[in-house]
Amino acid sequence: MTDYKVLNKDLHSDLRVITAREKRYGDNVMHAMTFPIEFRDIQSCYPIFFCKDTESGSFYPTALFGLEQNENLFLTDDGWDATYIPMSVRRHPFLIGFQADDQQPDGRRPVVSVDMDNPRVNTSDGESLFLADGTPSNYLTDIIGLLESIHAGHEHNKEFVQALVDNDLLEAFTLEVTLKDGSKNQLTGFYTIKEPKLYELDGNTLEALNKQGFLQAIFMAVASHARLRPLVEKKSAVAESS
Amino acid sequence: MMSNQSFNRIVIVGGGTAGWLTAGLLAAEHCAPSGKRSLPSMEIILIESPDISTIGVGEGTWPSMRSTLKKIGISETEFITACDASFKQGTLFQNWKNGFDDSYTHPFTVPRGYAETNLAMQWQPFRDKVSFAEAVSAQNRLMFENLAPKQISTPEYAFNVNYGYHLNAAKFAQLLTEHCTKKLGVTHLMANVVAVSSKDNGDIASLVTDAQGDVHGDLFIDCSGTRALLLGGHFDIPFCSKKQFLFNDSALASQVAYRHGSDPIASSTISCAQPHGWVWDIGLPSRRGVGHVYSSAHATDDQVADSLHSYIAATAGEEIAKSTSFRKVSFNPGHRAKFWHKNCVAIGMSAGFIEPLEASALVLVELSAAMIAEQFPTNRKVMDAVAKRFNDKFLYRWSKIIEFLKLHYVLSQRSDSDYWRDNVDTNTIPSGLTDLLELWRWQSPWHRDTTHVDEMFPSASYQYVLYGMGFVTQAHTTYRKSDTEFSRHAEALFSENAKQTQQLVSTMPSNRELIDKIHIHGLQSI
């Protein structure tokens with residue numbers, strides 16, 4: 001369970017957060033939400049697909065780390081073995097929320113919350129959140145920037161997937177993976193860019209997608225499929241060694 | 001217009017659900033914008049009387065409505081939000097068996113493994129421990145618990161378990177009107193038909209209207225409701241009453257408010273037997289549609305109003321019951337002697353109407369329009385052959401509907417009124433049904449009990465009603481290889497079904513929860 005509390009320098013002055021990447025901290029995730037603003041980095045490490053939010057049924061882009069539930073093939077004994085770790089993974093154990101505030105232009109003020117039940121949160125190990133004088137640490141300053149980017153990314157994602165749906169650019173797919181040892185894995189519940197449709201788009205549509213900043217993201221998602229083979233190889237290696 | 005000229009104009013009379021569903025299904029198959037076809041398009045004209053309000057038959061559909069809507073090109077999200085629609089997974093019968101708080105379901109999903117295995121006889125030894133529907137279909141429990149047949153992440157028209165809809169018929173006709181005129185190119189004329197002008201061969205040449213002049217056509221579809229303006233009024237095709245089998249000829253209808261906005265929406269049509277008929281209870285997101293069907297020969301309007309009031313008071317509270325008003329509807333149960341005559345075909349209540357048990361009204365419209373769309377005569381010469389085929393098929397369908405509806409009554413052990421006692425009188429039972437009942441005492445219905453590929457009620461429906469009502473089929477007294485095979489599969493099928501039931505009950509949202517989410521987020525098309 002989670003127990004999010006609004007971060008407060010008086011109440012949380014001695015809090016620390018462990019940033020190591022390990023299974024016991026919940027890093028054994030199969031995939032995690034990603035955003036077009038980080039697609040350039042994501043596509044160099046992970047395949048980008050789309051899946052549905054269980055609450056709303058809406059699509060969101062996601063970076064794939066494994067081929068079955070709770071499997072992260074990038075997680076090793078020495079941490080997360082990749083040059084880039086997605087923003088939505090790095091945000092834990094924090095969350096951005098909003099409080100009503102008449103002073104703000106949009107009537108609300110972003111607030112940072114921390115999950116007190118998260119195993120990363122403690123008072124002895126990891127990064128401090130506040131300096132002795134009560135000002136935020138560099139770590140916390142980075143986290144606040146990250147949370148703001150994620151918030152903007154959420155809004156951008158909504159428009160992005162809407163453009164994909166409106167142009168009929170998504171399709172469901174089932175990936176059948178045969179490992180070196182002959183065992184089979186089936187990946188379902190994911191969606192991908194419908195390439196034939198993409199190549200049929202007329203000039204006006206392409207221009208509109210480009211102006212919205214979606215065209216590059218679409219092609220990066222397509223290019224990211226190249227990361228699927230290394231992922232399957234990782235899986236084969238794991239299967240062989242176990 | 002000469003009969004060998006191009007055959008390309010369909011005129012539909014009537015602007016109710018039947019007229020617009022027919023227009024939609026025909027236009028979806030026969031019309032397209034000029035840029036998207038290499039051959040001329042059919043022209044479809046619908047004449048609606050500005051003076052006659054539509055009855056709005058049926059607020060319950062079959063699963064077939066999903067493919068109908070898909071074919072017409074309406075998105076499920078649009079349909080659900082525009083028509084105040086909810087999900088229906090079958091019928092939940094209450095008090096039909098003996099009137100002492102008994103209940104059973106007729107779900108839309110066929111029994112598990114039905115294609116290869118007949119589980120009915122395998123279930124019978126356990127009949128006192130578990131109901132038939134519970135043992136063979138995961139849907140049974142979802143129906144009792146008002147759960148949805150799918151999740152928000154399930155694409156439009158796809159499902160976890162099979163489903164149809166409950167809907168607001170007036171809003172549905174409105175949505176279809178918009179869609180047919182704006183997207184499918186159907187011409188909508190507001191006028192009263194005042195006369196019919198004929199050709200030498202007796203065909204209809206044109207309809208004379210008060211506001212739109214003469215409307216010519218090649219095929220005329222009569223969707224004018226029980227008046228049957230063309231088939232009855234003009235051609236005088238006789239009406240065949242079926243009151244000798246199914247006594248109900250009246251109904252009191254009402255709209256019942258929910259007590260709270262969060263009250264559950266039933267995910268089945270509830271049919272609750274009463275001393276003089278039965279009550280339908282259809283849950284829409286914004287209100288319930290509740291009514292009492294009865295036989296005017298067996299009960300007075302006041303007696304029925306009392307029963308209906310009690311039902312509403314028991315399910316919604318005395319306060320809501322007091323403020324609910326009833327509207328009386330009378331009908332003559334039966335159908336025309338034929339439906340397609342010359343160049344005129346009747347669809348909807350103009351073809352016939354029988355009490356709403358098992359909601360056969362809208363599905364007959366869908367089946368009729370789909371058959372005309374598929375078998376549309378290319379010219380006048382072949383029309384008679386198509387008409388004969390159509391008449392044969394739909395006369396058969398009506399006879400099967402009458403048998404299947406009557407089945408519900410003859411299996412009842414109720415004897416609390418003349419209504420129920422008369423219903424089991426052998427003189428009121430169609431001979432075809434009498435024969436089948438005798439047969440089913442010795443063998444359980446299965447695939448061979450239905451003879452047509454597009455049968456209205458599959459043999460599974462007979463199983464659900466028979467065994468739900470407590471009917472007993474005798475076990476075989478000599479060896480059958482199939483019995484041993486079925487019994488070998490049965491254990492696995494029963495346990496798979498129990499497992500699936502458990503899994504669905506724990507993952508499906510409530511009917512209301514899903515409808516609310518669809519109103520906010522919509523369903524994805526993939």
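Strand E18 (residues 334–336) of chain B pairs with E21(B) in the antiparallel sense, over 2 bridges. Strands pair if DSSP finds at least two bridges between them. Strands (E, at least two residues) are themselves DSSP runs, numbered from the N terminus. Within this pairing, His335(B) has Gly352(B) in E21(B) as its bridge partner.

This is a predicted model: local features need pLDDT of at least 70, side-chain atom pairs count only at pLDDT 80 or more, and totals for chains, interfaces and linings use all residues. Residues are numbered from 1 along each chain as its sequence is written, while chains are lettered from A and ligands numbered from 1 in the order in which they are written.

E18(B) belongs to an open sheet of 3 strands, in the order E12-E18-E21 of chain B, with antiparallel pairing. Strand E12 (239–241) and strand E21 (352–353) of chain B are the edges; each has a single partner strand, so one side of each lacks a neighbour in the sheet.

Chain A has its own strand E12. There, 8 bridges join E12(A) to strand E13 (residues 184–193) of chain A, and the two run antiparallel. Leu175(A) stands opposite Leu187(A) in E13(A). The hairpin of E12(A) and E13(A) has 5 residues between the strands, and Gly182(A) takes a positive phi near 90°.

Now the interface. 10 residues of chain A are in contact with 7 residues of chain B. Contact requires C-beta atoms, placed from the backbone, within 7 Å. Strand E12 (residues 170–178) of chain A gives the most to the chain A side, with 3 residues.

| Class (chain A side) | Residues |
|---|---|
| Nonpolar (Ala, Val, Leu, Ile, Met, Phe, Trp, Tyr, Cys, Pro) | 4 residues |
| Polar (the others, Gly among them) | 4 residues |

Methods:
Two residues are in contact if their C-beta atoms, placed from the backbone, lie within 7 Å. Helices (H or I, at least four residues) and strands (E, at least two) are DSSP runs, numbered from the N terminus.
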